[in-house]
Amino acid sequence: MSEKELLQRCCKYITGIIQPSLVLHYLDFFEPKEVELIKAKEEKEGPTHASALLLDMIQNVDSPGWFQMFLDGLSIAGYPTLSKSIDMEDFTELDKSRLYKQMVRKLRPTLEPGARPMDILPHLSECLLQPQGEEVRQVTESKGDHAGMGRLLDFILRSDNPRWYKTLQDALSAAGYNNLALGDQEDADMSGTEEIEMTYSQEAEMEDLHANLDTDAEPRQKVMRYDSQISSPLTELRAYQEELALPALESRNTIICAPTGSGKTIIAVEICWQHLSQGTEESKRKVAFLANTIPLCQQQMELFMKYFQNKDFEVIGCFGESASNLVVKVAVEEYDIIVMTPMILQLKLENGTIPSLSTFTLIFFDECHNTSKKHSYNSIMGMYMDIRLEGPPSTALPQIVGLTASVGVGKSKNVDGALEHIYQLCANLDTHTLSTVTKHLNELRKFVFVPSKDIRLVKRRSVDPFMDVVLGLMAHVESIAKKTYNIESLSKVPMSTRGSQAYEQWVVTVQRQCKVLKLVDQDEEEEMKICRKLVTCSEHLRKYNDSLIISEDARAIDAINYLQKYFDNLDPTRFDETDQKLFSVFEGLGRRGRAMDSRCILITSSRENAEKEQINMLQEKVMYDAIQTAQNIETDVFLAKVRNVQKRQKKQRDLERRMAPEKKKEDITFLLQCGKCRQNACKSDEIRVIQNNHRVVISKAFLPLCNIQPHPKPQVCDVLEKKSKIFCRTCNRDWGILASCMGLDNLPVLKISGFTFVNLRTGQRKSVVKWQDFPGLLKDFDFELDVLDQDSSEGAGPSRLS
């Protein structure tokens, strides 16, 4: 690629950043008349049009060394990041800023009239060039604060400094404009209530961007593309990949089933390109790519970004700490490809941030075999099917493409049962076809090595001191708990074997029941002591059980380090007698652990695991036989079977909705008590809701009950700015955070898992997982009434920022 072609490819970065009048001084290859034309263009029509003219004129430049002079000129003029990006042909740093620039543009109506530029300007020297700062001063003096703030934002939105957004945040804060809250680059979910999704997954595919350009391989067979009019500049698919992609390229809902390492992400990239390229200005297309975990989302987002770099379509990720309502809203409005976790998509559809599934024209479901039961994939597709079966016929729905290495067989043991499982999965994803490699198997085998499997049962360690010690410790902790209360009666889940997932499930259930335990033959103070003791014991049992699971597949030292980290994070100043006793018990195991430090504990397998793997191998053969059977069924027959499953599912969903008890909020006051020691915290009528998302306490008596510590990751989330962590002063249970919000400081924001709720009318105790399930009524925060109440009171509590 020539240097001039490179500049044309990165045109949108150059025209969106530079102010040509600041760069021209360092470019000797332009004639004086050309310089004047560019400057006049900037003065009349602005820097974007002037930059475009500059790039057009560069096409006629033949001076030796002009390209390096241009890069040097950019760097000297104050655009070093842009210069480096062009030189390296890597625009990752600049791409990261684009979402935040979109956010600030949307907030301009709030920022421009809400701040004085001369208050902020002294704090922006890192990302505003000196001539730009001078121009802001002149505009402010001649036209006022509103115009000056507008010019300041114009300049900062053209900055190539990677830290511009953080610098703007800090400048607003330093100038006292905390009420002008910006979304943060580390936006986090404050609710702390998301349920963990249990899924199984194959090994993540670490795709090589150049894997398809294997020069040592034999020439691959050429396959005519679905749309020969659209040439993909991204990658050239192999023949087997073309075969897998074909049903999706024909706009059919499909499940692509291929082995790990076969390049399913590359196939998805090609499908995505073809799909977006066929959109029009009047009918734009938008793609969502769903992956189950944050690391998978990160990996897939980076791959899509590299493939689509310098193309007309833009990629963004909305997952984990970058998924606030504002970020998602901007991403959906401004970007073409959005990578997100299914939980984020489900939540944003439910709260209206994303208006409808019809927002997207194509949705990829990575590891789509998880589309069942209560998984977010299935919830999303439940919404999809309700629209398709009940909505107006004209309602547009996105194309669905599932990606998986194995569709599975469910609980079936034969081909007929596996076939029913496939019908079920296809019904869940509303897919018309199951795409596998059949014509180009030889090519697939050349590029994808599928190892033969063998199972060898080896003996368990004859001596396992770590396991022996931990099992003894668990028995000791259990005996302490049993002397306090019959803990086995608290859970319907069998206690099972220590060191197993079943034991984990049992201890979690016991811990939940301990929080709400009611002892009729004990006074309140004694009941509190007993419950705290049981909660502490169950916490320790859970950690010890985790360590056994770790040691089964890793070294003993890894399990010891896991336990050490947990105990290091405990605060001895909050210990009661039980905490101290159990801590001392663990101290004995650390001295065993250091003695074993030099030993390597080998990974072993139990007979049970060996038998499970044998069953998996048999099920894999059954699955492939069932897939082949399904593909040989006539299309109409196959679709009829899928439609019958969907009709049954619709009836089941409707029945569940009718049978579900209506969640009526009670106009009853609840007492919030610490979930561990039952210390009284506040009452529900002292809680207010901000933006239907954050529950804050307005009582002045609450903060003295808290142990306040610096927040490990202070940041902004929606309208809240995290400041500190708050814990129960008695037992150090995590209660939430202290935050600033729209001019108010010291707002305690509650974490629901830190409390139990006592109905003050009946005395019944309740543990709640999500704030949405809290049975009482909570008032919205009134920024006038609630602030006035606090201002007229003494003591700690929300107050106006000075």
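**Cysteines and the sheet**

Guide: No disulfides, that is, pairs of cysteine sulfur atoms within 2.5 Å, turn up in a search of the whole structure, which gives zero. This is a predicted model, where local features need pLDDT of at least 70 and side-chain atom pairs count only at pLDDT 80 or more, while totals for chains, interfaces and linings use all residues. Residues are numbered from 1 along each chain as its sequence is written, and side-chain values use heavy atoms, with hydrogens and water left out.

Visitor: Why is Cys674 called buried?

Guide: Buried means under 20% relative accessible area (1.4 Å probe, protein chains only); Cys674 has 0%, so the word applies. Cys537, at 1%, is therefore buried too.

Visitor: What makes E1 and E7 paired strands?

Guide: Strands are DSSP runs of E, at least two residues, numbered from the N terminus, and two of them pair if DSSP finds at least two bridges between them. E1 (residues 254–257) and E7 have three and run parallel, so they pair. Ile256 stands opposite Ser435 in E7.

Visitor: Why are E3 and E7 at the edges of the sheet?

Guide: The open sheet of seven strands has the order E3-E4-E2-E5-E6-E1-E7, with parallel pairing. E3 (315–318) and E7 (433–435) each have a single partner strand, so one side of each lacks a neighbour in the sheet.

Terms used:
Helix = DSSP H or I, 4+ residues; strand = E, 2+ residues; numbered from the N terminus. Buried < 20%, exposed > 50% of the residue type's maximum accessible area, 1.4 Å probe, protein only.
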